[in-house]
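Below are some questions and answers on a single protein chain. Please look over the sequence and the model first.

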Amino acid sequence: MKLQTVGLCTGHDEAVVRGDPETESFSVIYLKQGRVIALDCVNNVKDYVQGRKLVELGLSPALSAIVDSDIPLKNLLPPTA
């Protein structure tokens, strides 16, 4: 099992699971006031690599898009990121 994290989840007010933990490949995305502040990615390098920018930029994508594992996290970035 491989766990990769970015950001600190301290102070989050919401945590959502992206993917299915039963498949042992998923991510937990932590938000504070709608902004992505951290990710814990289990066996999910793609979410880790793409999600780093969400944390770095402090973006607030739609929750429905965050939890939809069919939507790559890079699609939630602004065009210039």
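Buried means under 20% relative accessible area, exposed means over 50%, and partly exposed lies in between (1.4 Å probe, protein chains only). The model is predicted, with local features needing pLDDT of at least 70 and side-chain atom pairs counting only at pLDDT 80 or more, while totals for chains, interfaces and linings use all residues. Residues are numbered from 1 along each chain as its sequence is written, and side-chain values use heavy atoms, with hydrogens and water left out.

Q: Is N43 buried, partly exposed or exposed?
A: N43 lies in the loop between β4 and α1; helices (H or I, at least four residues) and strands (E, at least two) are DSSP runs, numbered from the N terminus. Its phi is near 50 degrees, a positive value in a residue other than glycine. Because its relative accessible area is 31%, N43 is partly exposed.

Q: What is the relative accessibility of E24?
A: E24 is found in the loop between β2 (14-20) and β3. Although E24 is not a glycine, it has a positive phi of about 60 degrees. E24 counts as partly exposed because its relative accessibility is 46%.

Q: Which residue in β4 is the bridge partner of Q4?
A: Two strands pair if DSSP finds at least two bridges between them. Strand β1 (residues 3-7) and strand β4 (residues 35-42) meet this in the antiparallel sense, with five bridges. In β4, the partner of Q4 is C41.

Q: Which residue stands opposite C41 of β4?
A: Strand β3 (residues 25-32) also pairs with β4, in the antiparallel sense and over seven bridges. The two form a hairpin with two residues between them, and Q33 in the turn has a positive phi of about 55 degrees. Opposite C41 stands S27.

Q: What is the relative accessible area of D47?
A: D47 is placed in helix α1 (residues 45-57). Beyond its neighbours within four places in sequence, D47 is in contact (heavy atoms within 4.5 Å) with R18, S27, L39, C41, R52 and L73. D47 counts as buried because its relative accessible area is 6%.

Q: How many residues are in the largest nonpolar core?
A: A nonpolar core is a set of buried Ala, Val, Leu, Ile, Met, Phe, Trp, Tyr and Cys residues joined through side-chain atoms within 4.5 Å. In the largest one, I29, V36, L39, L54, I66, L73 and L76 touch the most other members. At least two residues come from each of β3, β4, α1 and α2 (63-67).
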